[in-house]
Amino acid sequence: MRLSTIGSTVEGEKMELQCRKFSSHPPRRDSKLKKLVYPFKLSIHGFARITETYQDGKELCRETSHTALGDEVHGEAIDGFSLKPHGKERVEHATGTHKATFVSLRGGAYAHVEIGVREQLAQKKVIEQEVLEPLEYKPAG
Amino acid sequence: MDALALTSPKTTSVDELLSATPYPERDYIVRISTNQETKSTSMQLYSTGVVAARLNNYAAAMTRDINLLKSVIHWQHRRLDYGSIYNAYLMDQITEEEFETAVEQFAYEPQNVDPDVLAADASRVFELTEIPYEPSDLADLFQCEHANMMEAVKMVSAAHQEYAKMLPSGD
């Protein structure tokens, strides 16, 4: 299930992140988990997808979080954290023409939509300057 | 500013003048100005207490603004310092274990902060920087719980449309 409204959350043992702009932030001690967590922020077409679910009985950061395999959040600003340092960033093709940054999370992860896609589209705000691939000119005849 | 304005020509004594003023403390700052066109001189009295209070309020507001901006600078500097260690980890200059040890210095425990206090500071940070930081960033700046900052953002959303966009629909 894909969720894109502000406040939607997903939690799982492992997650895969995808975005155009990834930011890793300094760690903090989560007051609920009583552990060190490694925060991140995804900007510009951000996705956070559960690739491995929690074992039964695992306490969630938020009771309303979606936790099924494949559940993902999608937004223009997604923040979250993992309980282990983020995997190394990988730049790969996300579409036929555009690349994106991919990051793997493990050890437990949480992601939350801060700015949803619908809200950004409603504002008709230019999210990014897209560099279009040059059209190949083919003379007539 | 409250003042008792007198325009010449008028001859009066200081005692007569002060007895007519509305300020009982009898401690004043006097302003004398002349107008070359009308060939007149006017004198205005201001309560010293009022002038001092207004200057002190201005100084306090400036001090608060400077402290907020210093907080923003230190917060960004902390992120830059962390970023250099993170980059070293990405480039395999340090192991994951070394990275975990090195970044622990940046860790803090978020505090439970009154949203009313956060709302005033978050609003002022936006007015000073003109950057609509997201609630998670503001929570990191003020080292508070994310829930506290969401409440604060809700409070200031009426004054700042940029924050209204960050609220869940229905708020």
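Reader: Why does Glu52(A) count as partly exposed?

Author: In this predicted model, Glu52(A) has a relative accessibility of 34%. Buried means under 20% and exposed means over 50%, so Glu52(A), at 34%, counts as partly exposed.

Reader: What makes Lys14(A) and Glu52(A) a salt bridge?

Author: The closest N and O atoms of Lys14(A) and Glu52(A) are 3.7 Å apart. The cut-off is 4 Å between a side-chain nitrogen of Lys or Arg and a carboxyl oxygen of Asp or Glu; the pair therefore qualifies as a salt bridge. Lys14(A) lies in strand β3 of chain A and Glu52(A) in strand β6 of chain A, so the pair ties together parts that are 38 residues apart in sequence. Lys14(A) is partly exposed, with a relative accessible area of 37%.

Reader: How do you know that Arg124(B) and Glu127(B) form a salt bridge, and where do they lie?

Author: Their closest N and O atoms are 2.9 Å apart, and the limit is 4 Å, so Arg124(B) and Glu127(B) form a salt bridge. Both lie in helix α4 of chain B, three residues apart, about one turn of the helix. Arg124(B), with a relative accessible area of 24%, and Glu127(B), with 41%, are each partly exposed.

Reader: Why is the pairing of Glu151(B) and Lys154(B) called a salt bridge?

Author: The N to O distance between these side chains is 3.3 Å, which is within 4 Å, so the name applies to Glu151(B) and Lys154(B). Being three residues apart in helix α6 of chain B, Glu151(B) and Lys154(B) are separated by about one helical turn.

Reader: What makes Glu134(B) and Lys41(A) a salt bridge between the chains?

Author: Glu134(B) belongs to chain B and Lys41(A) to chain A, and their side chains meet at 2.6 Å, N to O. That value is within 4 Å, so the pair is a salt bridge. Five salt bridges are counted between chain B and chain A. Glu134(B) and Lys41(A) also belong to a network of salt bridges, whose members include Arg78(B) and Asp137(B).

Reader: Which element of chain B gives the most to the side that touches chain A?

Author: Helices α2, α3 and α5 of chain B each supply at least two residues of that side, and α2(B) gives the most, with six residues. The residues of this side divide into 14 nonpolar, two polar and 11 charged.

Reader: How much area is buried between chain B and chain A?

Author: The area is about 2,400 Å², of which carbon and sulfur atoms give 54%. Here 27 residues of chain B are in contact with 26 residues of chain A.

How values were computed: Residues are numbered from 1 along each chain as its sequence is written. Chains are lettered from A and ligands numbered from 1 in the order in which they are written. This is a predicted model: local features need pLDDT of at least 70, side-chain atom pairs count only at pLDDT 80 or more; totals for chains, interfaces and linings use all residues. Side-chain values use heavy atoms; hydrogens and water are left out. Contact means heavy atoms within 4.5 Å. Buried area is the accessible area (1.4 Å probe) that two parts lose on being put together, summed over both. Helices (H or I, at least four residues) and strands (E, at least two) are DSSP runs, numbered from the N terminus. Ala, Val, Leu, Ile, Met, Phe, Trp, Tyr, Cys and Pro count as nonpolar, Asp, Glu, Lys and Arg as charged, and the others, Gly among them, as polar. Buried means under 20% relative accessible area, exposed over 50%, partly exposed in between (1.4 Å probe, protein chains only).
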